[in-house]
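Dear colleague,

I am handing over the structure below, together with some notes on what turned up in it. Please read the notes alongside the coordinates.

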Amino acid sequence: MGMGFMQRLVIIVIGSLLCVTGTSLGLKHNYGDALTKSILFFEGQRSGKLPPTQRMTWRKDSGLQDGFQVNHTLFPAFPQVDLVGGYYDAGDNIKFNFPMAFSTTMLAWSVIEFGKFMGPDLDHAVDAIGWATDYFLKATSVPGFVFAEVGDPIFDHNCWERPEDMDQPRIGFAVSKDHPGSEVSAEIAAALAASSIVYRKYNPTYSHRLLERARMVFDFADKYRGSYSGSLGSMVCPFYCDFGGYQDELVWGAAWLLKATKLPYYENYIDQNIQNVKNIGEFGWDSKDAGINVLLSEVKHIKSSYSMSFMASADKFVCAVLPESPSVSVSYSKGGLLFKPGGSNMQHATATSFLLLVHASHLYKAKRRLHCGANFFAYPSRLRKLAKSQVDYILGSNPLNMSYMVGYGPKFPLRIHHRASSLPSLVNYRSQVHCKEGSTYFESQNPNPNLLVGAVVGGPDINDSYEDSRADFVHSEPTTYINAPLVGVLAHFNIHHHK
């Protein structure tokens, strides 16, 4: 029999308390402990045949038939494809490749920028990247097709069952020249290109394979332009509809390929298409605009005139985020958490904090300061201070004295919106829990029996209040794209505790 919930809770809480002192907003946080847990979370999101090195042992194999069922209405002559592996995006059992690819890109960028600060967690971070890229190589293995999703989200969201128990069809949905999906294809290209940089010193052969596939998938995305929202309809909307258009992903993919290859072709492509990137204040799984400008601000071989243009746009993004800036365009709770419209707000806090740290490094190296209008100037230290305030809020320096990372600190969410976490593990309950049979666990007021350690939930509302409720998925559901940029941010503060 596995340990009981309270036994696991005591062990994890003690582990965090040993390194956390102080109270309320004066908490001193153990960023190394949070970093370890933020990466461990990805093991809880794994789909497929789990390896012997799996540390989150209450999760078991799942989705072992993924890809062997095909939608023959869309693809009448399509072959079976092995799509086993990858990650579940959040608290459901669907593999949405658009946000999965963005999460992978951000994990890779985290390692590229901050891997030197990760210590023994670096190997685990690289493994987390490889779990995704192995899957994306499968999803792009048939010429002329890019798989965008596995599973029927409408069916899945009507069930509450463990991924190990899934009995609904696990159909793979692909985009093609006749049913284009430039945004999902270009984001996969970005993920593969960024990951190829990570793997250069670990496995050069694998790195080369990732890069060659990235170039092929990018060419496909660019040649057959169109949005997957129109091609796949209700299979991706309203879940991960592309509201920002696919132009930003094309430039984002080209930017990562430029960084990975240094080829003039991608620099010229960016020059010819950058005018389509207009929403410079947004960054996340749907909009890559601000990330493009921060990334290209430091690509050393790009023309200096271009680099200054990207730097200026990145400056505008930061000026719109700093709360005391005359051009601020985001909101903050009284407790200090950044807010933007839409659900799962912690994704904005973590992604913005990541860009703040990267751009602060650019400013420091260039011996520059930001000028945000009037007589307001900001130095790199101010950007780092804002990023640190967001991380500290997530880890417990907030009005509720509550960590929003599961398993970190003495108080954290216990009833997260997550199927695998909320249902008994196969370790303790081997009988199958069918689709509707899990409703009892969903409706229960008991804490989740399995700790999804490291998961960061959607977070509190703008009044700094949080209802620890499974049903309140906007606030209680964790996602891979909340955690992925946070990995890099925590790595930075793991070494730079005070700045």
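This is a predicted model: local features need pLDDT of at least 70, side-chain atom pairs count only at pLDDT 80 or more; totals for chains, interfaces and linings use all residues.

Residues are numbered from 1 along each chain as its sequence is written, and side-chain values use heavy atoms, with hydrogens and water left out.

Asp248 sits in helix H9 (residues 247-261), helices being DSSP runs of H or I with at least four residues and strands runs of E with at least two, numbered from the N terminus. Asp248 is buried (under 20% relative accessible area, with a 1.4 Å probe and protein chains only), yet it has no salt bridge (a side-chain nitrogen of Lys or Arg within 4 Å of a carboxyl oxygen of Asp or Glu). The nearest side chain of opposite charge, that of Lys288, is 4.9 Å away, although the backbone nitrogen of Lys288 lies 2.9 Å from a polar atom of the Asp248 side chain.

Helix H6 (residues 182-199) is mostly covered, with 18 of its 18 residues buried.

Strand E4 (residues 171-176) is also mostly covered, since five of its six residues are buried. Strand E3 (residues 145-150) runs antiparallel to E4 and is joined to it by five bridges (pairing requires at least two DSSP bridges), with Phe145 opposite Ser176. Within E4 lies Ala174, which counts as buried because its relative accessibility is 1%.

Best regards

Terms used:
Buried means under 20% relative accessible area, exposed over 50%, partly exposed in between (1.4 Å probe, protein chains only). Lys and Arg count as positive and Asp and Glu as negative; His and the chain ends are not counted. A polar contact is a pair of N or O atoms within 3.5 Å; within protein, one must be able to donate a hydrogen and the other to accept it, and residues adjacent in sequence count only if both atoms are side-chain atoms.
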